[in-house]
Amino acid sequence: MTIQDPAARPESHTPVVRRVIAGEFDEDPRYATYRARGTTDWLLVHTLDGGGRFGARSADVPAVPGRTLLVRPGTLHDYGTAVGQERWHFLYAHFHPRDDWLPLLSWPQVTAGIGSIEATGEVRRGIEAALRTAVGGRDTAGRNGELAAVNALESALLWCDRVNISRELAGTDERLLRAIALIDADLRADLRVAHLARASSLSASRFAHLFVTQFGVSPQRFVERRRLAAAARSLELTNRTITSIAAACGFESPMYFASRFRARYGMSPSEFRARREL
């Protein structure tokens, strides 16, 4: 296949973005977008089904279900349905971030100007629900609709940040990173030290020692904090019952969950949730 000279390629429409423009596309194999200079806004794309690609064909970044891609301003836009795919179904948002969002936009880079987050389970569902709310907000008349879209996009970025290990784990031993990835992939899984050590190709004693050296807490305490942080985010962003949140975050006993949550955050889960209504 001959690759068309970029200078001869027609430019796609560039949206005018005030704060947020969100939408949902379900495209066929012919879909493609090209903007040589990118845009002045950020672009977030979350794939639901099928597959897409970003970049020149010789160095494509695949857009697969569960992957969220974040394109920085000024980055080449050369994306479309991936070769061999019958469709590319995705949610997107063009946006200008608020200043306090900037820490949420520091993602692992898969190529220059494009960050990538992989999510499964509750986090993936949270990202998708928040982005759909952003799409719905866009369709609401008036200023409140735009504000709803902005707030929903912030929620999506917060969900993404839960699986973004690039900021907090910079310089971490790669063997421990494998354990962290295992923890974040499924908080309900068997996350005892022996299991995490095997995933890291270390003995249990060596793994525990290295973990404490790097993080200052035991693996068991780290897992608990990860589970409690996930629960806190769910309490803030969803209306799920406290019992279901506890189970989804790996706590078999709601009473034990409530006890550990209070010890960590200084209030009960119900009190923590009530703050969002204030």
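This is a predicted model: local features need pLDDT of at least 70, side-chain atom pairs count only at pLDDT 80 or more; totals for chains, interfaces and linings use all residues.
Of its 278 residues, 46% count as buried. Take the contacts between residues at least 6 apart in sequence, and 72% of them join residues at least 24 apart.

- Helix α3 covers residues 174–185, twelve residues in total.
- From first C-alpha to last, α3 reaches 16 Å, which is close to the 16 Å expected at 1.5 Å a residue.
- Buried positions in α3 are Leu176, Ala179, Ile180, Ile183 and Asp184.
- Looking down the axis of α3, those buried residues fall within an arc of 135°, so they line one face of the helix.

**Where α3 meets α6**

- Helix α6 runs over residues 219–237, and its axis comes within 10 Å of the α3 axis.
- The two axes cross at roughly 40°, and the crossing of α3 and α6 is right-handed.
- On the α3 side, the contact is made by Ile180, Ile183 and Asp184; on the α6 side, by Phe222, Val223 and Arg226.
- Ile180, Ile183 and Asp184 also turn up among the buried residues of α3.

**Helix α8 and what comes after**

- Helix α8 takes in residues 254–265, which makes twelve residues.
- Gly266 follows α8, and its phi is positive, near 75°.

**Glu146 in α2**

- Glu146 sits in helix α2, which spans residues 143–162.
- Is Glu146 buried or exposed? Its relative accessible area is 19%, and buried means under 20%, so Glu146 counts as buried.
- Leaving out residues up to four places away in sequence, Glu146 touches Arg18, Arg19 and Gly137.

- Cys160 has a relative accessibility of 1%, so it counts as buried.
- Cys249 is buried too, with a relative accessible area of 0%.
- How many disulfides does the model have? The count comes to zero, with a disulfide taken as a pair of cysteine sulfur atoms within 2.5 Å.

Definitions and conventions: Residues are numbered from 1 along each chain as its sequence is written. Side-chain values use heavy atoms; hydrogens and water are left out. Buried means under 20% relative accessible area, exposed over 50%, partly exposed in between (1.4 Å probe, protein chains only). Helices (H or I, at least four residues) and strands (E, at least two) are DSSP runs, numbered from the N terminus. The expected span of a helix is 1.5 Å times one less than its number of residues. The arc is that of the directions from the helix axis to the C-beta atoms. Axes are lines fitted to C-alpha atoms, for helices over the stretch in contact, and angles run from 0 to 180 degrees between N-to-C directions. A crossing is left-handed if the near helix is turned anticlockwise from the far one by less than a right angle, and right-handed if clockwise. Contact means heavy atoms within 4.5 Å.
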